Amino acid sequence: MVKVNEYYTRIGNNYLFSEVARRVREYKAAHPGERVISLGIGDVTREIAPVVIEAIQAATREMASPDTMRGYPPEAGYDFLVEAILEHDFLARGVRLSADEVFVSDGAKSDTGNIGDILGEDNRVAITDPAYPVYVDTNVMAGRRVELLPCLPGDGFFPPFPARPADVIYLCYPNNPTGTTLTREQLKTWVDYAIEHRSLILFDAAYEAFISEPDVPHSIYEVEGARQVAIEFRSFSKTAGFTGLRCAYTIVPKELMATTSTGETLSLNALWRRHQATKFNGTAYIIQRGAAAIYTLEGQRQIRAVIDYYMQNARIIKQGLERLGLTVYGGINAPYLWVKTPGDLTSWEFFDRLLTEARVVGTPGSGFGKAGEGFFRFTAFGKREETLEAIERVKDLF
Ligand code: PLP
C-alpha cells in the first residue's frame with residue numbers, strides 16, 4: 001500500500017482562503033440576490049497594462065513562424081528580462097548583482113514554497129506571526145519545526161528575535177498581512193543577527209512596488225552584508241497585474257553558503273540552479289516578454305498608475321475605518337490594511353458580522369497565525385466603486 005507523506009496531515013485541512021470562500025458561498029446560497037463585496041481578495045482587478053498586452057501579442061506572433069518560434073525557455077530566464085531586472089530593480093538603487101544570481105520563475109509562491117527543498121530538514125526555522133501561510137505550511141510539510149515570532153502592535157509589529165538561534169528566518173516586507181514595513185535601520189538589525197548566527201534570511205519583497213516612504217528599503221541588498229545572508233523573492237503579480245500571467249524571480253547571491261552534516265560547504269546559488277534545472281522548465285517566452293515591457297518608460301508610467309489606483313483605495317479604506325474609531329495599520333507602503341477588531345470580537349466573529357450584516361468580506365487575521373487573532377485584513381485590490389460602497393456599508397453597520 002502506498003504511504004503518504006505524513007507531515008501533510010499536520011497542516012490544517014482548510015487553507016484560509018478556501019474557508020473564507022466556503023462561508024461566502026453558503027451565505028450567498030441562503031441569501032440569493034444579495035450582492036457581497038469582497039475587500040478580502042489578494043488578487044488584482046485592474047486590466048493588464050497595454051504595454052504588457054502589446055509585448056505578449058508581438059511575442060505570440062513570433063511563435064507563429066518556424067524562424068522565430070521558441071521552445072523550452074532557459075530555466076533561469078531569458079537574458080532580456082534578467083538584464084532589465086538587474087538594471088531597473090537593483091542597479092537603480094545602488095545594488096550590483098550579476099545575471100547568474102537571478103532566477104526567473106512562474107511565481108513567488110512556488111519559489112518561497114520550494115526553496116526549502118535545498119535546505120536540510122533539521123534547520124531551526126523562524127517565521128513571523130502573522131505570515132503568508134505558504135512559509136509555515138511548506139515547512140510543516142517538510143517536517144521542520146518552526147518557531148513563530150509574534151509581531152504585535154505594541155512593538156510596531158517588529159518581529160522579536162528567536163528565543164533560540166534560528167538557521168532560517170522568513171521576513172516579508174512590505175508585509176502581507178499587516179501592511180507594515182521595516183526601516184533600513186530595523187532591517188539591518190536582522191541582517192546583523194543573521195551574520196552573527198550564520199543564518200539565512202528568506203526575504204519576500206513581493207510588495208516592494210507599493211513602498212512610498214523613503215526610509216523603507218525596496219531590497220534587502222540595500223543593507224550592507226545582506227548578500228552573505230539573504231535570498232530575495234520578487235513577483236510581477238501585484239507590481240504589474242501578473243497574477244494570471246505568472247512571472248516572478250528570486251535572487252540567490254553567490255556568496256551564500258550552507259554546510260552539509262559532514263561540514264562540507266556548498267553554494268546555495270548552485271543548489272538552487274540544480275533544483276530549478278530538475279524541477280522547473282522555465283517561464284513562457286511570451287510572458288517574459290510581457291514582464292520585460294514594464295521596464296520601458298511607458299511601461300513604468302502605466303504600472304505606476306495602477307499601483308496609485310490601488311493605493312488610493314487603501315487611503316479610502318484607512319480613512320473610512322479610522323473615522324469609525326477603528327485602529328488601522330498598514331496601507332501606506334502596502335496594499336494591505338490590518339485592522340483591530342472592535343470590542344472583544346475574534347477575527348472570525350468579525351468576519352461573520354461583516355458578511356451577514358454588511359455583506360462585506362475581508363480576511364480574518366487569525367488565519368495568518370495566532371498573533372493575528374483579534375485582527376482583520378482588508379486589501380486595496382478591489383474596484384474603486386466597490387471599495388467606496390463597502391466602506392459605506394461598514395459605516396452603516398457601526
Ligand atoms: N508572497 C507574498 C507575501 C504574497 O502575498 C503572495 C501572493 O499573494 C506571493 C508571495 C505569491 O506571489 P506569486 O503570484 O508571484 O506566486
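The reply below begins with the ligand and then turns to the cavities and the backbone.

Modeller: The model is a predicted one, and the description should be read with that in mind. The ligand is surrounded by 14 residues, and the closest of them are A108, D204, Y207, S235 and S237. Two helices, α4 (108-114) and α7 (236-240), each contribute at least two residues to the shell.

An N or O atom in the side chain of Y207 is 2.6 Å from an oxygen atom of the ligand. For S237, a polar side-chain atom lies 2.6 Å from a ligand oxygen atom. A polar side-chain atom of R246 is found 2.8 Å from an oxygen atom of the ligand. As for cover, the ligand taken alone exposes 400 Å², and the protein buries 91% of that area.

Rolling a probe the size of a water molecule over the atoms shows where empty space is left. Here the count comes to three cavities of 30 Å³ or more. The largest cavity has a volume of about 80 Å³. Its lining consists of 13 residues, and those nearest the centre of the cavity are E47, A49, A240, G241 and V306. The helices α7 and α10 (297-323) are the elements that give two or more residues to this lining. Of these, α10 provides the largest share, four residues. The lining of the largest cavity divides into seven nonpolar, three polar and three charged residues. Both domain 1 (6-47 + 304-397) and domain 2 (51-293) supply at least three residues each to that lining.

Some backbone details complete the account. Most residues other than glycine have a negative phi, and most peptide bonds are trans. Against that background, the peptide bond from Y173 to P174 is cis, with omega near -5°. The bond that joins N176 and P177 is also cis, with omega about 20°. P174 is located in the loop between β5 (168-172) and α6 (184-197), and P177 is placed in the loop between β5 and α6 as well. R198, although not a glycine, has a positive phi of about 55°. This residue, R198, belongs to the loop between α6 and β6 (200-204).

Key. Residues are numbered from 1 along each chain as its sequence is written. This is a predicted model: local features need pLDDT of at least 70, side-chain atom pairs count only at pLDDT 80 or more; totals for chains, interfaces and linings use all residues. Side-chain values use heavy atoms; hydrogens and water are left out. A residue is near a molecule or strand if one of its heavy atoms lies within 4 Å of it. A polar contact is a pair of N or O atoms within 3.5 Å; within protein, one must be able to donate a hydrogen and the other to accept it, and residues adjacent in sequence count only if both atoms are side-chain atoms. Accessible areas come from the Shrake-Rupley method with a 1.4 Å probe; for residues, only the protein chains shown count as cover. On a 1 Å grid over the protein atoms alone, a cavity is a set of points where a 1.4 Å probe fits but cannot get out, and a pocket is an open set with protein on both sides within 12 Å along at least five of seven lines; lining residues have an atom within 4 Å of a point. Grid points are joined across faces, edges and corners, and a volume is the space filled by probe spheres set on the points. Ala, Val, Leu, Ile, Met, Phe, Trp, Tyr, Cys and Pro count as nonpolar, Asp, Glu, Lys and Arg as charged, and the others, Gly among them, as polar. Domain bounds come from an automatic or database domain assignment.
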